[in-house]
Amino acid sequence: MLRFQRDGWAIEVADARGQPLPKWFIDRPESTPEDDFYLKAFWDLSSTRSIGFGVGPIPWDQIVSYADRMGLEPDIAQGFVRIIQALDGTYLIWQEDERKKKSKTRKPGEKNVIRR
């Protein structure tokens with residue numbers, strides 16, 4: 001999913017131009033409505049993370065508040081919190097890996113610019 005998020009625009013352009021699509025995109029697993037719910041929640045909640053010298057985790061209270069707003073039952077909300085935190089942990093690792101890749105390719109003296 002992160003790769004699609006990063007490369008999504010290129011996928012749409014390639015498809016529109018009739019260019020071959022990457023194998024990882026063609027072979028991706030089908031998503032269910034439940035998957036879509038969790039992924040949408042994750043991206044919605046990503047806007048609540050603090051960003052300073054780096055990207056911080058999604059605050060726990062924001063995840064719980066989101067679950068409450070969605071009307072999730074307490075036992076479902078517990079699982080929801082764990083799933084969002086697991087997605088977030090993976091996302092933070094990916095962000096750090098991307099940062100390291102960019103810093104390795106940066107020329108000496110070039111400033112670290114955050115692009116979104």
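Author: A residue is called buried under 20% relative accessible area, exposed over 50% and partly exposed in between (1.4 Å probe, protein chains only). This is a predicted model, in which local features need pLDDT of at least 70 and side-chain atom pairs count only at pLDDT 80 or more, while totals for chains, interfaces and linings use all residues. Residues are numbered from 1 along each chain as its sequence is written, and side-chain values use heavy atoms, with hydrogens and water left out.

Reader: How far apart are the end C-alpha atoms of helix H5?

Author: Helices (H or I, at least four residues) are DSSP runs numbered from the N terminus. The expected span of a helix is 1.5 Å times one less than its number of residues. For the 32 residues of H5 (residues 74-105) this gives 46 Å, and the distance in the model agrees: 46 Å.

Reader: Is Arg99 buried or partly exposed?

Author: Arg99 forms a salt bridge with Glu96 (2.5 Å, N to O), a salt bridge being a side-chain nitrogen of Lys or Arg within 4 Å of a carboxyl oxygen of Asp or Glu. Both residues lie in H5, three residues apart, about one turn of the helix. The relative accessible area of Arg99 is 39%, so Arg99 is partly exposed.

Notes. Helices (H or I, at least four residues) and strands (E, at least two) are DSSP runs, numbered from the N terminus.
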